[in-house]
Amino acid sequence: MRVAVLTGGGDCPGLNAVIRAAVRKGVQEYGYDFVGFRDGWRGPLENDTVPLDIPAVRGILPRGGTVLGSSRTNPLRAENGIRRVRENLAEQEVDALVVIGGEDTLGVAARLADEHGVHVVGVPKTIDNDLSATDYTFGFDTAVGIATEAIDRLHTTAESHMRVLVVEVMGRHAGWIALHSGLAGGANVILIPERRFDVDQVCSWVSSRFRSSYAPIVVVAEGAMPRDGEVVLKDDSLDSFGHVRLSGVGEWLAKQIERRTGKEARTTVLGHVQRGGTPSAFDRWLATRFGLHAIDAVRDGAWGEMVALRATDIVRVPIAEATSRLKTVNPSLYREASVFFG
Ligand code: F6P
């Protein structure tokens, strides 16, 4: 059996742990051969491969990023994309393809398996934790840890100057990183894409915090939007999915707070630092288990299925179940956090 592996979409701490576990178990227990495709779907589209064997995965467990490279290339948007992918899989004599990715990358995997009978197994990844069908994705815990450490640090500088500090975290469509890091870091306001916010309400929470002689920390997800529809969109800048990029909600909000409360405000945009560096222990554990179970799914011929975490068990679900809708923060979880606002 010859197994190909690719990592697509935004990189994520833990990708290398999946690759290592899959290769180690596949070679040692089942005697499989491996090949890596470079840069997500660009690899099979352009027949660009990299050798993948035990020496190639040595020492990569704690390393961030992905040794296979990644991209947001989508063969569904390339000319004859699916045909080219299938031809190159055949040329490489690939019997099974392990696809490690988020919504977009796995969407291609589901189409290839369901409509073209390609032998694909999926592994979910995203720091945003917004993939359905799995309780957690690896990378999320690392991102929350980085954001929480930043919030801890921002508390002390905010207190020293009695300023408002607005922290913008990742999360275009779902506020999981904002919610978890905001709770863990003791934020005074948490704003998420799932619920439009009222700027006056934010300012009143900020002011009440100052009245108790504390400097407020506002955590805002990059996709959060104000209720009154004031402009935070830059519609001339599209992201690689062709979505409107929400730009600078943190900066925008800090200006509004200054204007409306008369208090000094600063913004910290954490950006890609949340995706970089070594994975947390939890993410290494989850990614390793995903890699081991993905190879068992290959052995069982579970094509079109994806490994997923349910409580402490790794289960298999149809890939399409994860890509058909996003997992967003539900209102009761957000309400639970709001006791700390203000
Ligand atoms: O999907 C993960 C993610 O990190 C989002 O939270 C973020 O909006 C996006 O990727 C950034 O993508 P890029 O690295 O392509 O700018």
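Colleague: What makes β12 and β13 a pair, and in which sense do the two strands run?

Modeller: Please note that the model is a predicted one. Strands count as paired if at least two bridges are found between them. Strand β12 (residues 305–310) and β13 are joined over 6 bridges, in the antiparallel sense, so by that criterion they pair. Within β13, V317 stands opposite M306, and D313 stands opposite R310. The hairpin of β12 and β13 has 2 residues between the strands, and A311 there takes a positive phi near 55°.

Colleague: How do you know that β5 and β12 are also paired?

Modeller: The requirement is at least two bridges. Between β5 and β12 there are 2 bridges, and the strands run parallel; therefore the pairing stands under that requirement. G122 has M306 of β12 opposite it.

Colleague: Why are β3 and β13 called edge strands?

Modeller: The sheet is open and holds 7 strands in the order β3-β2-β1-β4-β5-β12-β13, with mixed pairing. Both β3 (49–52) and β13 (313–318) pair on one side only. Neighbouring strands of this sheet are turned by 30° against each other on average, direction ignored.

Colleague: Which strands does β4 join within this sheet?

Modeller: Strand β1 (residues 2–7) is linked to β4 by 5 bridges, in parallel; V5 has V98 of β4 as its bridge partner. Another 5 bridges join β4 to β5 (residues 120–124), again parallel, and G101 faces P124 there as its opposite.

Colleague: What makes β4 a mostly covered strand?

Modeller: A residue is buried if 20 or more other C-beta atoms lie within 10 Å of its own. In β4 (residues 96–101), 6 of its 6 residues are buried. A96, V98 and I100 point one way, while L97, V99 and G101 point the other way. In a regular strand, side chains alternate between the two faces of the sheet.

Colleague: Which elements make up the β-α-β unit that contains β4, and what is its handedness?

Modeller: The unit consists of β4, helix α5 (residues 103–116) and β5, and it is right-handed.

Colleague: How do you know that the ligand lies between the two domains?

Modeller: Domain 1 (2–138 + 279–324) and domain 2 (142–276) both contribute residues to the shell around the ligand, so the ligand lies between them. The ligand is surrounded by 11 residues, and the closest are G10, T126, D128, M170 and R172. By class, the shell comprises 2 nonpolar, 5 polar and 4 charged residues.

Conventions
Residues are numbered from 1 along each chain as its sequence is written. This is a predicted model: local features need pLDDT of at least 70, side-chain atom pairs count only at pLDDT 80 or more; totals for chains, interfaces and linings use all residues. A residue is buried if 20 or more other C-beta atoms lie within 10 Å of its own, exposed if 12 or fewer, and partly exposed in between; C-beta atoms are placed from the backbone. Helices (H or I, at least four residues) and strands (E, at least two) are DSSP runs, numbered from the N terminus. A crossover is right-handed if, with the strands pointing away from the viewer, the path from the first strand over the helix to the second runs clockwise. A residue is near a molecule or strand if its C-beta atom, placed from the backbone, lies within 6 Å of it. Ala, Val, Leu, Ile, Met, Phe, Trp, Tyr, Cys and Pro count as nonpolar, Asp, Glu, Lys and Arg as charged, and the others, Gly among them, as polar. Domain bounds come from an automatic or database domain assignment. Axes are lines fitted to C-alpha atoms, for helices over the stretch in contact, and angles run from 0 to 180 degrees between N-to-C directions.
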